[in-house]
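Colleague: I have not worked with this structure before. Could you take me through some of its residues and strands?

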Amino acid sequence: MTHIVTGSGDGTTRVWRLADGALVRAFRAHESAVYSVCASPDGTHIVTGSFDMTPFRAACARVWRLADGAQLHSLEGHGGAVCSVCVSPDGARIVTGSLDRTARVWRMADGSHVRTLEGHASFVVSVRVSPDGVHVVTGSHDGTARIWRLADGAHLRTLGGHTDMVFTVCV
């Protein structure tokens, strides 16, 4: 690990050098707040999630090349803010969670939509891919976490018992 990436309410993403905290790059990633950032396992790409919505465009996440800050893909389709982004351990897939109550799976290579994970009754505010790349876990304001199979999007189980919102998940 050589860099730290931050996202801000001012719509910017900043890349910092871990060794000395020096700012390497700052760029305007979105027109709205950057709610989530994630780097690819090989450190070559950054994924950002935001509430960039207009009447003609759905909320999106974006994929950037770390080396020069170039935007590679805009992952559009969510009907609400993208609150959480995660890259699979092999770097091939991106998972996004949104206020539209869904999580979505995308291809890193071309930014194409693979599938939508539906079933939560409220906002999906946290997504994580398991270290082996087999499962996706989502956390929701509906008080549950759900486990999905990444390969085909099958819902495997719901984890209940919280008496309030599930803000974050980890595998």
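Modeller: Contact here means heavy atoms within 4.5 Å. This is a predicted model, in which local features need pLDDT of at least 70, side-chain atom pairs count only at pLDDT 80 or more, and totals for chains, interfaces and linings use all residues. Residues are numbered from 1 along each chain as its sequence is written, and side-chain values use heavy atoms, with hydrogens and water left out.

Colleague: Leaving aside neighbours within four places in sequence, which residues is threonine 144 in contact with?

Modeller: Threonine 144 touches His120, Thr138, Gly139, Thr158, Leu159, Gly160 and Val166. Threonine 144 sits in the loop between β13 (135-140) and β14 (145-149); strands are DSSP runs (E, at least two residues), numbered from the N terminus.

Colleague: Is threonine 144 buried or exposed, and why?

Modeller: Threonine 144 counts as buried because its relative accessibility is 14%. Buried means under 20% relative accessible area, exposed over 50%, and partly exposed in between (1.4 Å probe, protein chains only).

Colleague: Which side chain makes a polar contact of 2.6 Å with that of threonine 144?

Modeller: That of aspartate 142. The side chain of histidine 120 also makes a polar contact with that of threonine 144, at 3.4 Å. A polar contact is a pair of N or O atoms within 3.5 Å; within protein, one must be able to donate a hydrogen and the other to accept it, and residues adjacent in sequence count only if both atoms are side-chain atoms.

Colleague: Changing topic, how many aromatic pairs does a search of the whole structure find?

Modeller: The search finds one. Phenylalanine 27 and tryptophan 64 form a tilted pair, 4.7 Å centre to centre with 50° between the planes. Rings of Phe, Tyr and Trp (its six-membered ring) pair if their centres lie within 6.5 Å; planes under 30 degrees apart count as stacked, over 60 as edge-to-face and the rest as tilted.

Colleague: Where in the chain are the two partners of the pair?

Modeller: Phenylalanine 27 is in strand β3 (residues 23-28) and tryptophan 64 in strand β6 (residues 59-65), 37 residues apart. Phenylalanine 27 is buried at 12% relative accessible area, and tryptophan 64 is buried at 4%.

Colleague: And what about the open sheet: in which order do the four strands come?

Modeller: The order is β8-β9-β10-β11, with antiparallel pairing. Two strands pair if DSSP finds at least two bridges between them. β8 (82-87) and β11 (113-118) are at the edges, each with a single partner strand, so one side of each has no neighbour in the sheet.
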